[in-house]
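Dear colleague,

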Amino acid sequence: MLETMFRIPPTKLKMPDLTWRPPQWAVMGGMLFAFWLITGGIVYDMINQPPAVGQGEGPGGRKVAEGVMPRMQGQYFIEGLTGGFYYMMGGVGMILAHYSIDAPWAPSKR
């Protein structure tokens with residue numbers, strides 16, 4: 001009697017589908033974004049916390065524009081991100097040049 005009461009019903013279990021992958025454009029965009037932040041010096045900016053743009057305190061507590069970072073080997077936040085953007089655009093240009101050579105309309109493929 002107990003065997004019939006606690007018997008496991010016959011069921012068919014299906015294994016979950018774990019083969020989902022994000023689209024290629026999302027992976028490439030994430031990699032480009034990470035490359036931009038890393039080459040822009042985001043780690044340096046998080047540790048040293050420089051100001052975003054060149055501003056300093058002048059006489060009377062007014063904000064005065066500064067042209068050069070007051071310490072050696074320093075960078076402003078925007079300066080680093082701008083440099084990282086240009087590095088990223090150079091990399092994108094190399095990728096596009098590579099794909100333009102392998103394109104079906106390229107002279108080497110005719």
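The notes below go from the overall layout to one residue and then to the aromatic rings.

Please keep in mind that this is a predicted model, in which local features need pLDDT of at least 70 and side-chain atom pairs count only at pLDDT 80 or more, while totals for chains, interfaces and linings use all residues. Residues are numbered from 1 along each chain as its sequence is written, and side-chain values use heavy atoms, with hydrogens and water left out.

The protein has four helices and two strands, where helices (H or I, at least four residues) and strands (E, at least two) are DSSP runs numbered from the N terminus. Along the sequence these elements follow the pattern α-α-α-β-β-α. Of the 110 residues in the protein, 15% are buried; buried means under 20% relative accessible area, exposed means over 50%, and partly exposed lies in between (1.4 Å probe, protein chains only). If we take the contacts (heavy atoms within 4.5 Å) between residues at least 6 apart in sequence, 55% of them join residues at least 24 apart.

Asp-45 is a residue that you could find next, in helix α3, which covers residues 42–48. Is Asp-45 buried or exposed? Its relative accessibility is 5%, and therefore Asp-45 counts as buried. Leaving aside residues up to four places away in sequence, Asp-45 touches Gly-40, Pro-50, Gln-75 and Phe-77.

Now to the aromatic rings. A search of the whole structure finds two aromatic pairs, where rings of Phe, Tyr and Trp (its six-membered ring) pair if their centres lie within 6.5 Å, and planes under 30 degrees apart count as stacked, over 60 as edge-to-face and the rest as tilted. The rings of Phe-33 and Trp-36 have centres 5.8 Å apart and planes at 50°, so this pair is tilted. Both residues, Phe-33 and Trp-36, lie in helix α2 (residues 24–39), three residues apart, which is about one turn of the helix. Phe-33 counts as partly exposed because its relative accessibility is 48%, and Trp-36 is partly exposed with a relative accessible area of 22%.

Phe-85 and Tyr-86 form an edge-to-face aromatic pair, with 5.8 Å from centre to centre and 65° between the planes. Phe-85, at 36% relative accessibility, counts as partly exposed, whereas Tyr-86, at 58%, counts as exposed.
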